Amino acid sequence: MGIDLLRDMRDRLEKDARFASQQTIETHDLQATVEQRGLPDDLWVRCKSCGGAMFRDDFERLQAICSHCGYHDRLTAWQRIKSMADPDSIEELDADLTSVNPIDFPGYPEKIASLQQQTGLTEAVVCARLTIEGLPCLVGAMDSRFMMASMGSVVGEKITRLFERATKERLPVIMFSASGGARMQEGIISLMQMAKTSAAVGRHHAAGLLYISVLTDPTTGGVTASFASLGDYLISEPGTLIGFAGRRVIEGTIAEELPADFQSAEFLLEHGFLDLIVNRSRLRHILHKLLELHQEPSVAAAELTGSAEPPAFPVDDELVPARSAEECLDLIRQKGRPVIGDYLPLVFDEAIELHGDRCFREDSAIYGGIGRLGKQPVTIIAHRKGRTLNENTSANFGMPHPEGYRKAMRLMHEAEKFGRPIICMIDTSGAYCGVGAEERGQGEAIARNLMEMMELEVPVIAVVMGEGGSGGALGIGVADRLAMLSNSIYSVISPRGFASILWKDPGREREAANLLKITARDLKRFGVCDVVLPEPEGGAHLGLTQMAATIRAYLLTSLAELSRLDPAGLKEQRYRRFRRIGEFSE
């Protein structure tokens, strides 16, 4: 029986499927057909996760992803490289390096020779120069078939040379890790490769170059504790095992049962150690997009706006209705008030969300990402609120934990490395106050942001979308320019908090709001706000598209103005901006 007939059987089974549960029946029928007819085993494969059967050519077309459960099977180093590279763009590097036996470990040379014959590889990593949709980069891919891709002298040397070559040629690096850790057969020499590869990554980083680390299944031990965790972006695939010590070692040491998802990619994303989990089918697209966003460090004012002299942003305070603070409170609490999720696709031309503080956890109250505004790559930091109770609960009602501020600062330093302007969108009642937040240093996290944002060498523009509450807002609000939507507020403390503390009566919230002088007009008069952005008649929720266009125009104009300043000038102007705020007599 030929492959065409088998395909016909498969198509017939697929058409007969009416419910998801019938996938199991289809799988059984396919296996039975193959087994009863005595067909070659290499025509089909069984999923290692769900046990479902697939035709091998379909499995390979899907890049080893199970069509039944989505399980991502392991790829070889060459499969990785070829799935990413443009046709005929691959040039292998350092292919002639082979292992010796530094500690005279019995049988080690014979093991290496056997694996070379079985895999067709000289060692556990393949390094190459290639292009992805025309963009050049250097790529390394580890192969777990070769001694579980453990890192010995040759693996360490090839990876170190990869980064050294990339630094010299000013090229980005993409590294696909897959390893059981250090190669014990090479003893202490293997351990030292952790420091050696990390040092090479450090020099590449200091040169301001892009490193994307893709952690594939499994990435463990000394590889996790060295170059694999040092990327500007850490990406993984669903279900990937990532960790330092193995599960059995940990359970045996601490005598506790570990969670089922422990050391999975999903576990690491939740705990702040990954930027993204990407399905393999989209990985090439995401890698190309990241490479594309890092092609140029900045865009000139003329390129940004399309003219040598950017148009002045039209603002007339007389056109902005003068509303009381209590009226503004009512408007920003409207159920349909736009949030960052509404503005992102309208203000920015594209955006990729990034996650994690690299220390403890992912905080959904802070959105962080990289995108484009016109032709200019930008970093986007924003407080996140939801439109539904579930969305708000997930985002902690826009009240960040310390991890949110640390994530924001991590992404800001990354923006500075690549010469990328930073856009901060503010909308929070304040930083989260709770036992956990205090235990993990809420005050320190905000204080560090205030100090380090002041010293950033790239433009920072902030916009208050709704509520600017206390240090929770200022923690991402130290900027060269601050705009406020005309009905937004910005206060030292929430009006309810003010009334509770000073008057012992939270019911006097509206009275407190008027007393505190917290409207956009008030803050412009104090010199805190630069521009009041007029909202549509009745509020931003009645004209989202119009409001987004106003914000976008303001950001483009401000970026064009700030792009004329050098880093020293930016920092000095920012310092003086805050230095002059205050009223006193002498």
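Is arginine 406 buried, partly exposed or exposed, and what is its relative accessibility? Arginine 406 counts as partly exposed, at 24% relative accessibility; here buried means under 20% relative accessible area, exposed over 50%, and partly exposed in between, with a 1.4 Å probe and protein chains only.

## About the model

This is a predicted model, in which local features need pLDDT of at least 70 and side-chain atom pairs count only at pLDDT 80 or more, while totals for chains, interfaces and linings use all residues. Residues are numbered from 1 along each chain as its sequence is written, and side-chain values use heavy atoms, with hydrogens and water left out.

## Salt bridges across the chain

Let us stay with arginine 406 for a moment. Its partner in a salt bridge is glutamate 444, with the closest N and O atoms 3.0 Å apart; a salt bridge is a side-chain nitrogen of Lys or Arg within 4 Å of a carboxyl oxygen of Asp or Glu. Because arginine 406 sits in helix H16 and glutamate 444 in helix H18, the pair ties together parts that are 38 residues apart in sequence. Helices (H or I, at least four residues) and strands (E, at least two) are DSSP runs, numbered from the N terminus. Glutamate 444 is partly exposed, at 37% relative accessibility.

The structure holds 47 salt bridges. One of them joins the side chains of arginine 129 and glutamate 169, at 2.5 Å from N to O. This pair links distant parts of the chain, strand S4 (residues 125-132) and helix H6 (residues 153-169), 40 residues apart. Arginine 129 is partly exposed at 23%, and glutamate 169 is partly exposed at 34%. Lysine 385 and aspartate 427 form another salt bridge, with their closest N and O atoms 3.1 Å apart. Lysine 385 is in the loop between strand S13 (376-383) and helix H15 (389-394), and aspartate 427 is in strand S14 (residues 422-428), 42 residues away. In this pair lysine 385 is partly exposed at 21%, whereas aspartate 427 is buried at 5%.

Glutamate 403 is buried, with a relative accessible area of 1%. Leaving aside neighbours within four places in sequence, glutamate 403 is in contact (heavy atoms within 4.5 Å) with Asp357, Phe360, Arg361, Asp363 and Arg440.

## Nonpolar cores

A nonpolar core is a set of buried Ala, Val, Leu, Ile, Met, Phe, Trp, Tyr and Cys residues joined through side-chain atoms within 4.5 Å. The largest one has 102 residues, and Ile174, Phe227 and Met412 have the most contacts inside it. Beyond four places in sequence, the contacts of phenylalanine 227 include Met142, Met151, Ile159, Tyr211 and Ser213. Another core lies apart from this one, with 29 residues, among them Met425, Met465, Leu556 and Leu570.

## The largest pocket

On a 1 Å grid over the protein atoms alone, a pocket is an open set of points where a 1.4 Å probe fits, with protein on both sides within 12 Å along at least five of seven lines; lining residues have an atom within 4 Å of a point. The largest pocket is lined by 31 residues, and Phe397, Met399, Ser429, Gly430 and Glu467 lie nearest its centre. Helix H18 (442-454), strand S15 (460-469), helix H19 (470-474) and helix H20 (495-502) each give two or more residues to this lining. The largest share, 3 residues, comes from H19.
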